[in-house]
Amino acid sequence: MDTLTHALSGALLARAICVRTPVLAPVAPLTAPAVGRFSAPWDGRAGALAPWQAVVVGTVAAAFPDIDFVVGWAGEMAYLRHHRGITHSLLLAPLWAALLAWLMSRWFALTRAQPGGWKSLYVIALASIAIHIAGDWITQFGTMLLAPLSDARFGLGAMFIIDLVFSGVLIAALLAAAVFPRRRWPAVAGLALACGWVALAWDARGDAIAEGHRHAQRAGITAVEVEAMPRPASPFNWTVAVFDGERYHVAHLNTRRTEPLVASADDHFIRRFSAPYQPVALAHWQVLPRFGQGSDADWVREAWQHEALATYRWFAAAPVLVKTLERKGGDGGVERCAVFGDLRFGFPGRDEAPFRYGVCLNGDRAATLVKLALGQLLPV
């Protein structure tokens, strides 16, 4: 999910945990600051967490895991390898929560008479990091839940990375929680609705995969793998890919639509993004060879197996050849380049898919790692 939606989810979760309570008359045993003690936000004790502070902690903690964007400074392959890694790990979440709770407690010491201890912030921070991890897990990009012990990616594959309805539910629930500051139900209801939206998308994913299997049976395809990739504008928009071991059979379809959706250039962007997804009965299936066709397939396969693409091979879930190029090398020899894309990231209406990488082979010379951007091959 995008970082803003993560931050919203953390704020809403914090609001579900912490509500504003009436000011209680101080009782002697409760007047001393409870430094270092976990204080329930509703118990009125000295050092208890105020709702606004809970929301701040939830917002910061839920956005925190995406700080790993900095690995991109070490290179594009480093980004592919380490993004959604250790900062998105369930194993390390308690450590990150403790760090954030301590830092936020130091900051709050400047803004409240009784700063309390970091333990009063820990539960909020841990819950908010966990909801960030869950928000990435429901997408197809997935996340390395067991880092650093394992680099395996886990993903439910139910949601597109940006979902306006999902984000809108979170915003509406936060606004309702602000209107009813002494009530927990607006935040709880918002989280429940968000979970319901994910469940709806997951159910639609099952329908899309089932259609992939039906197509394979009708067309006599031996399906090695059937995958459904979520698409923008609707939880019922999917790209279905049936892989037979050499080729992808791909269709863009809407699992609930019975009639084609027509959109013009003047229509709003949601309609324009959704129009290419046809009713199941009218879906157009195209064939995309993973390594191309004819005599090129052998050297393209060699390029795919080159060590320079090791990280991309690990990253790409549905790799397919998108471009080949032959050109003269600097020594007068012929340089052959093969560039691959991932079907997860290309869809109708998107001008250019990201994460398209390849290698250029030039005889005995070292291979060159390249990427395809704006129609040009650029060195990585």
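A: Of the 380 residues of the chain, 47% count as buried. The model is a predicted one. Its secondary structure comes to 10 helices and 10 strands. Among contacts with a separation of 6 or more, 61% are between residues 24 or more positions apart.

Now the sheet. Strands of a sheet pair through backbone hydrogen bonds, and the pairing can be parallel or antiparallel. Here 5 strands form an open sheet in the order β6-β7-β8-β9-β10, and the pairing is antiparallel. At the edges are β6, residues 319–328, and β10, residues 376–379, each of which pairs on one side only. On average, neighbouring strands of this sheet are turned by 30° against each other, direction ignored.

The pairs can be taken one by one. β6 and β7 run antiparallel and are joined by 9 bridges. As an example from this pair, Thr324 has Ala338 of β7 as its bridge partner. β7 and β8 also run antiparallel, with 5 bridges between them.

β7 is mostly covered, since 7 of its 9 residues are buried. Between β7 and β8 there is a loop that contains Phe355. Most residues other than glycine have a negative phi. Phe355 is not a glycine, yet its phi is positive, at about 60°.

What lies across the sheet? Helix α9, residues 296–304, lies across β6, β7 (334–342) and β8, and runs at about 70° to β7. Trp304 belongs to this helix. Trp304 has a relative accessibility of 6%, so it counts as buried, the cut-off being under 20%. Not counting residues up to four places away in sequence, Trp304 touches Phe291, Leu309, Tyr312, Arg313, Pro319 and Phe340. Trp304 and Phe340 are 36 residues apart along the chain, while their C-alpha atoms are separated by 8.2 Å.

For the setting, turn to strand β1, residues 225–230, in which Glu225 lies. Glu225 has a relative accessible area of 42% and is therefore partly exposed. Leaving out residues up to four places away in sequence, Glu225 touches Ala241, Val242 and Phe243. Between Glu225 and Ala241 there are 8.1 Å from C-alpha to C-alpha, and the two are 16 residues apart in sequence. The loop between β1 and β2 (237–243) holds Ala233. Ala233 is not a glycine but has a positive phi of about 85°. With a relative accessible area of 42%, Ala233 is partly exposed.

Helix α2, residues 51–63, has 13 residues and reaches 18 Å from its first C-alpha to its last, close to the 18 Å expected at 1.5 Å a residue. Its buried residues are Pro51, Gln53, Ala54, Val57, Gly58, Ala61 and Ala62. Seen down the axis of α2, these buried residues fall within an arc of 155°, so they line one face of the helix. The buried residues of α2 pack against α1 (3–17), α4 (93–108) and α5 (119–137).

In the loop between α5 and α6 is Pro148. Most peptide bonds are trans. The bond joining Ala147 and Pro148 is cis, with omega about 5°.

Last come two packed helices. Such a pair is described by the angle between the axes and the distance between them. The axes of α6 (residues 164–179) and α7 (residues 185–219) come within 8 Å and cross at roughly 170°. The two helices are therefore roughly antiparallel to each other, since angles over 145 degrees count as such. On the α6 side, the contact is made by Val165, Phe166, Val169, Leu170, Ala173, Ala176 and Ala177. On the α7 side, it is made by Pro186, Gly190, Leu193, Ala194, Trp197 and Val198.

Technical notes
Residues numbered from 1 in each chain as written. Predicted model: local features only at pLDDT ≥ 70, side-chain atom pairs only at ≥ 80, totals over all residues. Heavy atoms only, no water. Helix = DSSP H or I, 4+ residues; strand = E, 2+ residues; numbered from the N terminus. Expected span 1.5 Å × (residues − 1). Buried < 20%, exposed > 50% of the residue type's maximum accessible area, 1.4 Å probe, protein only. Arc of directions from axis to C-beta. Contact = heavy atoms within 4.5 Å. Pairing = 2+ DSSP bridges. Axes fitted to C-alpha atoms, helices over the stretch in contact; angles between N-to-C directions. Parallel < 35°, antiparallel > 145°, perpendicular 65-115°, else oblique.
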